[in-house]
Amino acid sequence: MIIFRYLTREILITMSAVAGVLLLVIMGSRFIRYFTTAAEGDIPASILGTLMLFHLPGFLELILPLAFFLAILLAYGQLYLNSEITVLVACGISPNRLLQVTMLPTVLITILVGLCSLWLGPSGARYNEILIEEQQSRLDFSVLAPGRFQDFGDGRTAYIEDLNSNRTRMQGVFISERQQRDDGTPETVVTRASSGYQTVDDETGSRFLVLGDGERYSVEPGRSQAERLEFDIYAVRLSRAAEMSDLEDVEYLPTQELMILNSAKSLAQLQWRISLPLTVPILALLALPLAKVNPRQGRFAKLLPAIFLHISYLSLLLAALDAIGRGVLPAIVGMWPIHLGYLLLGLWLTRRSQLRGMR
């Protein structure tokens, strides 16, 4: 148990450090993208934390297998460099026993990656997509920034001079929209109002912008005439409750629904989600013999070849995902030959390392 706790602690501490660095880099890149989108007024800055939180399982399902693979290489490489593994073997700890000890944390990481890839990751991606679509499909006070022209899609541009302290009422509202007449002729409708506020119809769920004390102009390019309408109160519908499109992409579907569907894309996505936790024990089996280094070589001697091995493994899985989705590769064959090939490679490297150790 002392040896088990020692080796497990070395692996998990190294894995946590590697995963933390990789997670910081990937989440930092995604946060910059979202922050740029928020600065442009497409989404409110208040939801950035929620978006990053629900993206976390999708990041972990890719980061944890790589971090665990590198953790075994670095931790065991250091133990070989300090001759600790040599002492353990001399004291009666066989290479098979070291493999068994390593597989215990492997099972834990496999379960964690499986939870992320089969359940948490798709749910988080679907929630984020719905949240972003809701924000982009409606004009919201949390998005508007005073003193700026902001585009909200569908040919609509809005400008406000000021917002009150609790962001419920606007002052100096300007809205430009591209519309079509009944005969199909395009026109530009410009609405100006001194004040405005947002409300939701309880019966239909539609969102309206209620404007007060303003004018509305209908202008057609190339015409010298324009229509002008003065109003005390005017309501502009910003979105309908039924406008939210269904997220039918297989990337956002729960795993239970993928099992029912029989399309090529759904089978490809299902195999990809199952493949991610399967890579953890296979990579662990590959990492054990690759971690064995000569003290004169240094702990990073086999790190670069091992990284290339992981890249080739992941690249083949991604290529199979695309081929299955396009119907080029039969789903019954799928990604399983790739896993089998790397599993056999790991067993061969492990057996070869053990035979060299006995000689």
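This note goes through the predicted model from overall make-up to single residue pairs.

1. Basis. The model is predicted, so local features need pLDDT of at least 70 and side-chain atom pairs count only at pLDDT 80 or more, while totals for chains, interfaces and linings use all residues. Residues are numbered from 1 along each chain as its sequence is written, and side-chain values use heavy atoms, with hydrogens and water left out.

2. Make-up. The protein has eight helices and six strands; helices (H or I, at least four residues) and strands (E, at least two) are DSSP runs, numbered from the N terminus. Read from the N terminus, the order is α-α-α-α-β-β-β-β-β-β-α-α-α-α.

3. Burial and surface. Of the 359 residues, 43% are buried. Buried means under 20% relative accessible area, exposed over 50%, and partly exposed in between (1.4 Å probe, protein chains only). The accessible surface is about 19,500 Å², and carbon and sulfur atoms hold 60% of that surface. Areas come from the Shrake-Rupley method with a 1.4 Å probe; for residues, only the protein chains shown count as cover.

4. Contacts along the chain. Among contacts with a separation of 6 or more, 61% join residues 24 or more positions apart. A contact means heavy atoms within 4.5 Å.

5. Helices α2 and α6. The axes of α2 (residues 48–81) and α6 come within 9 Å and cross at roughly 10°. That makes α2 roughly parallel to α6, a label for angles under 35 degrees, with over 145 being roughly antiparallel, 65 to 115 roughly perpendicular and the rest oblique. Axes are lines fitted to C-alpha atoms, for helices over the stretch in contact, and angles run from 0 to 180 degrees between N-to-C directions. On the α2 side the residues that meet α6 include P65, F68, F69 and Y76; their counterparts in α6 include W272, L276, L283 and L290.

6. Nonpolar surface patch. V107, I111, L115, L118, W119, L120, I274, L278 and W336 form a nonpolar patch with about 780 Å² of accessible area together. Patches are made of residues with over 30% relative accessible area and no salt bridge; like charges are joined within 9 Å, nonpolar side chains (Val, Leu, Ile, Met, Phe, Trp, Tyr) within 5 Å. The elements that give two or more residues to the patch are α4 (95–136) and α6 (264–290), and α4 gives the most, with six. L120 lies in α4 and is partly exposed at 32% relative accessible area.

7. E133. This residue is also placed in helix α4, but E133 is buried, with a relative accessible area of 18%.

8. Salt bridges. The structure holds three, a salt bridge being a side-chain nitrogen of Lys or Arg within 4 Å of a carboxyl oxygen of Asp or Glu. R192 pairs with E215, the closest N and O atoms being 2.5 Å apart. R192 is in strand β4 (residues 186–200) and E215 in strand β5 (residues 207–219), so the pair ties together parts 23 residues apart in sequence. R192 is partly exposed at 36%, whereas E215 is buried at 15% relative accessibility.

9. The other two bridges. E230 and R228 meet at 2.7 Å, N to O, and E230 is exposed at 53%. R326 and D322 have their closest N and O atoms 2.9 Å apart; R326 is exposed at 54%, while D322 is partly exposed at 42%.
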